[in-house]
Amino acid sequence: MQVTETLNEGLKRGYAITVTAAELDTKVNEKLSEAQPTFEMKGFRKGKVPMALLKKQFGDRVLGEAMQESIDSAVSDHLKETGHRPAVQPEMKMTNEDWKPGDDVEVAVTYENLPEIPDVDLKKVKLEKLVVKAADKDVDEALANLAETAQNFEDRKKGSKSKDGDQVVIDFLGKVDGEPFDGGAAEDYPLVLGSKSFIPGFEDQLIGVKADQDVEVKVDFPADYQAENLAGKAAVFECKIKAVKEPKAAEVNDELAKQYGADDLAALKGQISERLETEYSGASRAVMKRKLLDELDKLVSFELPPSLVDIEAKQIAHQLWHEENPDVEGHDHPEIEPTDEHNKLAERRVRLGLLLAEMGRKNEIEVTDAEMTQAVMTQARQYPGQEREFFEFVQKNAQMQQQLRAPLFEDKVIDYIFELADVKDKKVKKADLEKAVEALEDEIS
């Protein structure tokens with residue numbers, strides 16, 4: 001096997017690889033020898049078919065496998081010997097297109113090698129960590145929201161008309177073409193107006209009604225209604241209004257606390273305070289991460305693989321185009337050419353991505369199986385009732401696994417850098433943190 005360099009220009013590398021006919025023949029014989037014990041043929045006992053006969057019958061089929069394995073092995077050995085790490089999958093092309101059995105195989109291999117990543121003295125990186133303590137007013141506001149969520153309903157003054165958000169207690173009987181239908185009747189049903197829990201248009205017709213009033217509600221079942229016998233049909237519901245109730249927020253006391261699993265109000269306040277500070281901490285980390293990436297971007301400079309920059313720029317342009325054109329859900333649209341701004345942003349992302357990947361590699365930072373499992377479980381919750389199918393999909397899809405692993409790996413590298421960097425706490429108000437987060441959202445990073 002011969003490997004000859006044909007291109008060495010910046011990060012671009014090219015090699016001509018020749019696999020001799022003799023090497024291929026040896027590989028074919030090895031594969032046939034391995035399989036010989038399992039072969040059966042008329043006139044021969046299992047495992048006793050002569051090699052010459054096997055080669056005549058199966059040689060051409062095995063030859064194709066031997067060629068691919070030999071070329072893959074040659075490229076793999078070359079990468080190990082040179083220490084090269086291709087930025088993307090190497091391109092391989094057979095150059096002697098008129099090849100026939102008995103000829104050498106000649107293949108051209110080209111790729112972009114990952115650049116040498118300079119070391120960064122992380123102790124020289126200076127960062128501020130914004131620290132926000134949960135203020136009493138924020139805890140009280142959260143408590144008020146909980147009380148509103150845990151609202152009760154109390155009877156309105158006799159003769160009062162119902163409003164959006166009220167609860168009406170009703171008996172109803174639904175009919176299609178004058179005949180009652182299954183599931184179309186109930187008694188003492190508590191319906192919150194505006195909850196959209198009934199057929200579109202039903203709740204709107206109960207706004208402005210009074211207790212002890214009889215109301216006829218006319219609606220059309222949606223064309224895609226789950227009960228086929230009702231889909232698209234016009235219906236009339238005879239409703240008896242038995243009570244009209246207005247929402248009342250629950251009182252902020254020990255009873256409210258117990259509804260949310262706390263022993264008393266003081267314990268609930270403590271839980272809320274911890275939750276708020278966890279949220280503040282997460283927002284603070286996002287701000288500090290952006291500052292870190294800005295600092296690293298200033299500290300490092302190295303040649304970037306053009307293919308990676310090109311791929312990233314196209315992805316950025318495509319994503320931003322869809323954000324500006326939310327009505328276009330598919331990809332049936334004109335090709336989107338990256339702008340100078342997209343290319344500049346792509347260079348930053350590729351540079352920082354390669355730097356973080358190298359830091360992780362050198363410091364043996366890895367995503368554990370337990371962390372991956374947790375990530376898959378978190379993602380699976382978005383598909384209630386289909387969790388098992390999602391797990392199986394991830395297990396069989398290497399690309400999906402990488403999509404889940406990549407942010408976990410990046411976060412672990414970022415945390416590693418935070419530990420070594422010069423990080424100082426800075427106490428700020430909630431408004432200051434919110435302003436910093438808003439600034440992040442206004443930027444494209």
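Modeller: Helices (H or I, at least four residues) and strands (E, at least two) are DSSP runs, numbered from the N terminus. E30 sits in helix 1, which covers residues 21-35.

Biologist: What should I know about the model before reading on?

Modeller: This model is predicted: local features need pLDDT of at least 70, side-chain atom pairs count only at pLDDT 80 or more, and totals for chains, interfaces and linings use all residues. Residues are numbered from 1 along each chain as its sequence is written, and side-chain values use heavy atoms, with hydrogens and water left out.

Biologist: Is E30 buried, partly exposed or exposed?

Modeller: Buried means under 20% relative accessible area, exposed over 50%, and partly exposed in between (1.4 Å probe, protein chains only). E30 has a relative accessible area of 41%, so E30 is partly exposed.

Biologist: How many helices and strands does the protein chain have, and how many of its residues count as buried?

Modeller: The protein chain has 11 helices and 11 strands. Its radius of gyration (taken over C-alpha atoms) is judged against a globule rule of 2.2 Å times the number of residues to the power 0.38. Here that radius is 34 Å, well over the 22 Å the rule gives for 445 residues, so the chain is more spread out than a compact globule. Along the principal axes, its C-alpha atoms fill a box of roughly 100 × 70 × 50 Å. Of the 445 residues, 34% count as buried.

Biologist: How many salt bridges are there?

Modeller: A salt bridge is a side-chain nitrogen of Lys or Arg within 4 Å of a carboxyl oxygen of Asp or Glu. The count is 30 salt bridges. One of them pairs D411 with K289, whose closest N and O atoms are 3.8 Å apart. D411 belongs to helix 10 (residues 398-420) and K289 to helix 5 (residues 265-299), so this pair ties together parts 122 residues apart in sequence. D411 is partly exposed, at 30% relative accessibility. K289 is buried, at 18%.

Biologist: Where do E295 and K298 lie?

Modeller: Both are in helix 5, three residues apart, which is about one turn of the helix. E295 is partly exposed at 28% relative accessibility. K298 is exposed, with a relative accessible area of 66%.

Biologist: With which residue does K424 form a salt bridge?

Modeller: With D422, where the closest N and O atoms are 3.7 Å apart. K424 is exposed, at 53% relative accessibility, whereas D422 is partly exposed, at 23%. Elsewhere, salt bridges that share partners join R85, D119, E358, R361 and K362 into one network.

Biologist: What is phi at D188 and at K196?

Modeller: D188 is not a glycine, yet its phi is positive, about 55°. D188 lies in strand 8 (residues 179-192) and is partly exposed, at 45% relative accessibility. K196 also has a positive phi in a residue other than glycine, near 60°. K196 lies in the loop between strand 8 and strand 9 (214-220). It is exposed, with a relative accessible area of 75%.

Biologist: Where does D98 lie?

Modeller: In the loop between strand 3 (91-94) and strand 4 (105-112). D98 has a relative accessible area of 66%, so it counts as exposed.
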